[in-house]
Amino acid sequence: MRVVYTDPAWALNDLGQPDLARADIERAAFGSETELRLGLFDGRYLLQGPAFHDHVRGADALVIYRCQVTPELLEAVGPTCRVIARSGVGIDNLNAPLLAGTGIVSFNVPDYCVDEVSTHTLALLLALERKVCTQDRLVKNSQWNIHAGGVPRRVSTCTAGIIGFGRIGRATARKLQAFYQNVIAYDPYVSADLMAGYGVTAATDLAELFGSADAVVIHAALTGETDRLIDAAALSAVRPGALLVNTARGRLVDPAAVLDTLEAGRLGGFASDVFTPEDPNDDPTARKLLTRDDVVVSAHRAFLSMESERSCRRRIAEGVATVLAGGPPPAEGRVT
C-alpha cells in the first residue's frame with residue numbers, strides 16, 4: 001500500500017523539510033509494509049503541477065491538509081485511490097460533490113480541536129477588547145502610555161454574538177459567558193430550544209445579531225451558502241464599535257468589506273486566524289488590514305496544541321488504515 005500525505009505541517013523538521021522520522025504515529029498505524037510519502041516542500045508545500053502529480057500518482061490513500069481535491073488531482077492519483085482523508089475539521093477542500101460516485105471514501109476529524117479553537121477565539125477577542133497587541137508593541141518601543149490604543153470597555157456589560165452554533169460555537173458560548181453579560185447566536189440549522197439549553201438566545205437573522213452584539217465571533221462551516229457570508233450587506237447592520245473575530249474559514253469574510261467598515265469607524269476591531277489565500281501577505285486587501293492597530297491576526301493555528309495535533313494524526317492514520325484493510329471510515333467524520 002502507498003499512502004501519500006500531501007502537505008503535513010507536523011512533518012517539517014528543524015531544517016524546514018518533510019522528515020519521515022517524525023512520522024511515528026503514522027508508522028505505528030500503517031505498519032512497515034506500507035510505503036509512506038510526505039509532501040514536496042520548497043518554502044511551501046507544492047500542491048499542483050507536474051511534479052506534484054507525479055508525487056501522488058498510484059497512491060492507495062491521500063491525506064490532505066490545505067490541499068484541494070480537484071479533477072486534476074484525481075486524474076493524477078489514478079484508479080488506485082480508495083480513501084482521501086482531510087486532516088482537520090473543515091470539509092470544503094475535500095470537494096464532496098466531486099468525490100460522490102467515484103467510490104472513494106472520504107472523512108475528516110470534526111472534533112479534535114474544539115477546546116483549542118474556542119480558547120483561541122477568546123484569546124483574539126480579549127486581545128482586541130483590552131488593546132493588548134497595541135500596548136505590547138508600543139511599550140516594547142519605549143512608548144509608555146496607558147491610554148494608547150483607546151480606553152477599553154467593561155465587557156461584563158456587553159453582548160457577544162456567535163455565527164454558527166456547532167461543536168465549536170457551543171464550546172465558545174460557554175467560555176464567552178464567563179466574560180460577557182449576554183450571549184446570542186445565529187445558526188439557521190440549530191433550534192432556539194437547543195441554544196437555550198446552553199444559556200444562549202437565538203437571533204432570527206444576521207442583521208439582528210450584528211445589530212445586537214458588541215462582539216461577534218464566527219464559527220460557521222464554509223459551504224456554497226456561506227461563502228462571503230460576512231460581506232458589505234451583512235456589515236451594514238453592525239453595531240457601532242463592535243468587534244469581529246474569525247477563527248473558522250477565510251472565505252466566510254470579505255476582507256474588503258471589513259476594511260471599509262473599519263475605515264468608516266463603524267467596526268471597532270477585527271481579529272482573524274484565517275484568510276484566503278492562507279497567508280494574508282499574499283493578498284493586497286488583506287495586507288492593508290495587517291497595517292492597522294485595530295486588527296489582530298494569527299497564522300491559522302487556532303486548532304493547535306500538542307495534544308490536538310497528535311490526536312488528529314492518530315485518528316486520521318487509524319481511519320485510513322481501517323479503510324485500506326476493508327473496514328469503514330470513522331462514522332463521526334465520514335463525508336463520502
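**View A. The loop holding W144 in the predicted model.** In this predicted model, W144 is placed in the loop between helix 6 (132–140) and strand 6 (159–163). W144 counts as exposed because its relative accessibility is 72%, where exposed means over 50%. Together with V139 and I146, W144 forms a nonpolar patch on the surface. The accessible area of V139, W144 and I146 together is about 390 Å².

View B. S142 lies in the loop between helix 6 and strand 6, and its phi is near 60°. This value is positive although S142 is a residue other than glycine. With a relative accessible area of 70%, S142 is exposed. K131 belongs to the loop between helix 5 (114–129) and helix 6. Its phi, near 55°, is likewise a positive value in a residue other than glycine. K131 is partly exposed, at a relative accessible area of 22%. For context, most residues other than glycine have a negative phi.

View C. Seven strands form an open sheet with parallel pairing, in the order 8-7-6-9-10-11-12. Strand 8 (201–202) and strand 12 are the edge strands, each pairing on one side only. As a general point, strands of a sheet pair through backbone hydrogen bonds.

**View D. The pairing of strand 10 with strand 11.** Strand 10 (residues 242–246) and strand 11 (residues 267–272) run parallel and are joined by five bridges. V245 has A271 of strand 11 as its bridge partner, and N246 has S272 of strand 11. Five of the six residues of strand 11 are buried, so this strand is largely enclosed by the rest of the structure.

View E. T276 and P277 are joined by a cis peptide bond, with omega at about 0°. P277 lies in the loop between strand 11 and helix 12 (284–290). By comparison, most peptide bonds are trans.

**View F. An aromatic pair formed by F41 and Y45.** The structure holds four aromatic pairs. One of them joins F41 and Y45 in an edge-to-face arrangement, with 4.9 Å centre to centre and 75° between the planes. The angle counts as edge-to-face because it is over 60 degrees. Y45 is buried, its relative accessible area being 14%.

**View G. The aromatic pair of Y65 and F303.** Y65 and F303 form an edge-to-face aromatic pair, with 6.3 Å between the centres and 75° between the planes. This pair links distant parts of the chain, its two residues being 238 residues apart. Y65 lies in the loop between strand 3 (61–64) and helix 3 (71–77), whereas F303 lies in the loop between strand 12 (295–297) and helix 13 (306–324). Y65 counts as buried at 13% relative accessibility, and F303 counts as buried at 14%.

**View H. Arginine side chains over the rings of Y65 and W10.** R66 lies over the face of Y65, at 3.9 Å from the ring centre. The ring of Y65 also takes part in the aromatic pair with F303. At W10, the charged end of R313 sits over the ring, 3.9 Å from its centre.

Note on methods:
Residues are numbered from 1 along each chain as its sequence is written. This is a predicted model: local features need pLDDT of at least 70, side-chain atom pairs count only at pLDDT 80 or more; totals for chains, interfaces and linings use all residues. Side-chain values use heavy atoms; hydrogens and water are left out. Rings of Phe, Tyr and Trp (its six-membered ring) pair if their centres lie within 6.5 Å; planes under 30 degrees apart count as stacked, over 60 as edge-to-face and the rest as tilted. Buried means under 20% relative accessible area, exposed over 50%, partly exposed in between (1.4 Å probe, protein chains only). Helices (H or I, at least four residues) and strands (E, at least two) are DSSP runs, numbered from the N terminus. A charge sits over a ring if NZ of Lys or CZ of Arg is within 6 Å of the ring centre and within 35 degrees of the ring normal. Patches are made of residues with over 30% relative accessible area and no salt bridge: like charges are joined within 9 Å, nonpolar side chains (Val, Leu, Ile, Met, Phe, Trp, Tyr) within 5 Å. Accessible areas come from the Shrake-Rupley method with a 1.4 Å probe; for residues, only the protein chains shown count as cover. A salt bridge is a side-chain nitrogen of Lys or Arg within 4 Å of a carboxyl oxygen of Asp or Glu. Two strands pair if DSSP finds at least two bridges between them.
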